[in-house]
Amino acid sequence: MQHYLSLKDIDSLPQWVEEAKSLKAAPLQHKALGAGKTICLLFFNNSLRTRLSTQKAAMNLGMEVIVMNFGSEGWALEYDDGTIMDQGTSEHIKEAAQVVAQYCDVVAIRAFATLTNKEQDEAEVVLNGFKKYAGIPVINMESSVGHPLQALADAITLSENNTKKRPKVVLSWAPHPKALPHAVANSFVEMMQLQDAEFVITHPKGYELNPEITKNSKIEYDQDKALEDADFVYVKNWSNYQDYGKVLHQDKNWTMTAKKLDKAKFMHCLPVRRNIVVADDVLDGEQSLVIEQANNRTYAAQIVLKKVLHGLES
């Protein structure tokens, strides 16, 4: 059974990117592949691009789509074994996952980090609970730790816009009024580690990501130095990892401006706080790739679903 839980489930990123670009050129070429198959999209958190792009991708492949906002419409789930359920949870993941699996052939799940319990977040209890008990392929539409659909869309966007043999790509932290998860940044780092590129992560001291994910990636605390001669700049906020989920400061000197960006292409996963994370003139300028990235979310989801559907046939 083929799941798509992280970038580790991609056997060849360049091949998947090229296949996704082929789907983009002719989105309905495999419409018969998903005929008679149903995907259930379960959202424990809000969504715009992920919901619509995954639904569109499934429709392009001929699948039927069921969508449920589980966080507001479903029963509160219990994940621990042996629990005496006399508190706030109403249904155990064991039953819920098996019931959902009776209604569909593939389940896709979006469940953010709580940013209150690192161990529980990194255990990915929602995603892994469905993987363990559902008995059907599970797709990660953003979890506590990663957002592999976004990272795959980012890889497609880089491929379409790159003109150099070995581009310089910078992931830059930015201020934000709320504490945000690490998922997008984590998956972008993992994706870039599979690329032939000069890759630099820049952030203020204290905002280091999980070292097990960043590994040997270059980290530069001086944003201006990191941005020198950049070809692509990916901007994203994330909260503290060591003092988990905390916001140390909101240093607005890290906001991305046209002067800082210089000649580089600008990338962001959206949604984005204007004039906090990035200045208007950058976001609205010709160097901005954010709308292209959002469009490529469909074809990232579609290549994943295509692989999963082929797996169901074998």
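User: How many salt bridges does the count come to here?
Analyst: The count comes to 11 salt bridges. Keep in mind that this is a predicted model.

User: What lets side chains pair up like that in the first place?
Analyst: Side chains of opposite charge can pair when their charged atoms come close.

User: Okay, show me one. What does lysine 307 meet in a salt bridge?
Analyst: Lysine 307 meets glutamate 19, with N to O at 3.0 Å. Lysine 307 sits in helix α13 (residues 290–313) and glutamate 19 in helix α1 (residues 13–25), so this pair ties together parts that are 288 residues apart in sequence.

User: And lysine 307 itself, buried or exposed?
Analyst: Lysine 307 counts as buried, because its relative accessibility is 15%, and the cut-off for buried is under 20%.

User: Which residues are linked in a network with it?
Analyst: Glu19, Lys306 and Lys307 are linked in a network of salt bridges.

User: What about glutamate 160, which side chain does that one meet in a salt bridge?
Analyst: That would be lysine 24, again with 3.0 Å from N to O. This pair also links distant parts of the chain: glutamate 160 is in helix α7 (residues 148–161) and lysine 24 is in helix α1, 136 residues apart.

User: How exposed are those two?
Analyst: Glutamate 160 is partly exposed, at 31% relative accessible area. Lysine 24 is partly exposed as well, at 25%.

User: Now a charged residue with no salt bridge. What is the nearest side chain of opposite charge to aspartate 154?
Analyst: That's arginine 297, which is 7.3 Å away. A salt bridge needs the nitrogen within 4 Å of a carboxyl oxygen, and aspartate 154 has no salt bridge even though it is buried.

User: Where is aspartate 154 found, and what is it in contact with?
Analyst: Aspartate 154 is found in helix α7. Leaving aside neighbours within four places in sequence, aspartate 154 is in contact with Phe188, Met191, Tyr234, Met267 and Gln293.

User: How far are the C-alpha atoms of lysine 263 and glutamate 286 separated?
Analyst: By 10 Å, and the two residues are 23 apart along the chain.

User: Let's zoom out. How many helices and strands are there?
Analyst: The protein chain has 13 helices and 11 strands. Its radius of gyration is 20 Å, close to the 20 Å that the globule rule gives for 314 residues, so the chain is as compact as a globular protein of that length.

User: What box do the C-alpha atoms fill?
Analyst: Roughly 55 × 50 × 35 Å, taken along the principal axes.

User: And what share of the residues is buried?
Analyst: Buried residues make up 53% of the 314 in the chain.

Terms used
Residues are numbered from 1 along each chain as its sequence is written. This is a predicted model: local features need pLDDT of at least 70, side-chain atom pairs count only at pLDDT 80 or more; totals for chains, interfaces and linings use all residues. Side-chain values use heavy atoms; hydrogens and water are left out. Helices (H or I, at least four residues) and strands (E, at least two) are DSSP runs, numbered from the N terminus. Buried means under 20% relative accessible area, exposed over 50%, partly exposed in between (1.4 Å probe, protein chains only). The radius of gyration is taken over C-alpha atoms; the globule rule is 2.2 Å times the number of residues to the power 0.38. Lys and Arg count as positive and Asp and Glu as negative; His and the chain ends are not counted. Contact means heavy atoms within 4.5 Å.
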